[in-house]
Amino acid sequence: FFFLMIRRPPRSTQSRSSAASDVYKRQTQSTWGITFQRQNCMETSTESQANLREQFSIKINVCEPRIIEGLNKYVTYSVKGVDFDGPFDVVRRFSDFAAVRNLMLTRWPGCYIPPLPPKKTFNMNPTFIEERRVYLERFCIAIASVQYLYYSEEFQAFIRTNTSDVEKFLNSLPKQSYDDLLARYSKVFSFLGGKEIGPELYHKLDDFGKFLQRITPALKAQKKMAKIAVKARKEYIEQYNNMLNQLLPDYERLVINEVAPSTEMVLSRARDEHLSSMLRAVKEDSEKHGWESVYLLIKSELLEIEAMQEALKTRSNFQDLKIRKAEKEKGEELEVNKLKAGATTLRSLFSRRPAGELLDNMQRSVDQRKKELESITILCDVILCVLGYVEIDKFKRIRVEKYRKIFAELAEKEHLFSQKITDVWGALKEANN
């Protein structure tokens with residue numbers, strides 16, 4: 001047996017002054033329980049396999065982009081790797097990546113699904129293709145970092161199904177009912193059992209959503225600034241290398257060698273191989289500067305913010321669905337009550353079925369809608385907890401980790417490059433004496 005319980009605090013703990021508590025007060029003041037029964041041996045086997053999977057290091061990469069000629073050109077990518085279930089090697093188009101992501105958005109509401117780069121058609125530029133390959137690989141690696149997403153039915157179908165129409169195959173997977181979704185979440189997010197839903201949680205989601213909206217325009221401006229900075233750095237490096245490897249050596253040959261032939265040259269005829277190798281190293285390292293990583297960081301950040309906003313939006317989508325279902329159920333129940341009282345309704349007036357049969361059918365429909373509404377209500381709470389207790393905290397943590405990693409790499413590259421520049425100019429100073 002498995003039991004997931006989400007607790008709401010007593011009414012006395014609510015704040016009457018906030019919009020979040022207004023929403024809270026409209027919620028049913030009760031404790032929701034979700035109970036699922038499984039065979040003990042099956043559950044033990046599944047949990048054991050999950051533990052083994054967690055210990056297995058997943059390797060996945062997107063490589064070998066290939067342009068497929070034809071009436072409509074397109075690019076394919078190989079998706080290769082190995083996981084707990086063995087190796088895999090499939091060929092996928094960008095549309096296949098988009099199809100599996102869209103399916104995961106539907107089947108994992110409230111969960112952060114990593115973004116894909118924007119869709120651009122008929123761009124066969126090698127630089128564009130390589131950049132897209134990098135983003136597709138990042139998508140796969142990000143999915144692989146979350147066990148329940150990676151080993152989900154939909155993503156495993158994406159990396160293991162050998163078919164030319166992946167999108168069609170993914171769409172043929174069994175549809176999920178609300179109860180199926182609850183069963184999946186009760187297993188994956190069992191640690192949320194006993195978590196409270198209160199004004200603070202609503203505030204947390206609302207404030208974070210506003211934060212993402214607020215920083216997006218600023219990040220777009222920073223993206224433009226970073227792009228200009230990268231271009232300026234490349235131009236500077238190019239001119240710097242030209243000065244050391246062309247301008248000054250040519251000046252020595254054209255002017256100094258003519259006016260003072262006996263003077264030993266510094267750059268045009270380097271004194272030793274050591275100095276020459278230092279100059280080559282400076283040129284090679286200058287072409288590997290890390291400023292591009294800052295631009296890509298901000299560019300990726302914008303995509304990831306959009307993906308996080310998609311996850312946050314699923315909560316309001318389910319809340320809207322809950323309201324529509326409740327209104328529909330209320331209307332049908334009102335009609336059933338009228339029929340039970342012997343009144344004529346619009347539906348009974350035009351129905352060819354006997355009154356008793358019509359009433360039975362409508363009562364079954366009402367009962368089904370009540371059951372469905374109960375599942376949706378519970379899902380609204382579960383999605384709220386997944387976002388508030390899992391996804392937002394994880395999103396924040398990854399932002400810090402990613403920035404620190406990129407900054408450390410940038411600082412290391414710039415430090416080493418500065419050291420080599422210092423060594424070169426020290427050697428040139430000695431050579432000039």
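A crossing of two helices is termed left-handed if the near helix is turned anticlockwise from the far one by less than a right angle, and right-handed if clockwise. In this predicted model, local features need pLDDT of at least 70 and side-chain atom pairs count only at pLDDT 80 or more, whereas totals for chains, interfaces and linings use all residues. Residues are numbered from 1 along each chain as its sequence is written, and side-chain values use heavy atoms, with hydrogens and water left out.

The protein chain has an average pLDDT (the predictor's confidence in each residue, from 0 to 100) of 83, and 85% of the residues score at least 70. Over residues 13-44 the pLDDT falls below 50, and this stretch has 66 contacts in the model (heavy atoms within 4.5 Å) beyond near neighbours in sequence.

Helices (H or I, at least four residues) and strands (E, at least two) are DSSP runs, numbered from the N terminus. Helix H9 (residues 199-259) passes helix H13 (residues 355-432) in a left-handed crossing. The two pack at an angle of about 15 degrees with their axes 14 Å apart, where axes are lines fitted to C-alpha atoms, for helices over the stretch in contact, and angles run from 0 to 180 degrees between N-to-C directions. H9 and H13 are therefore roughly parallel to each other, as angles under 35 degrees count as roughly parallel, over 145 as roughly antiparallel, 65 to 115 as roughly perpendicular and the rest as oblique.

Helix H11 (residues 291-340) packs against H13 at an angle of about 170 degrees, with the axes 9 Å apart, and H11 and H13 are therefore roughly antiparallel to each other.
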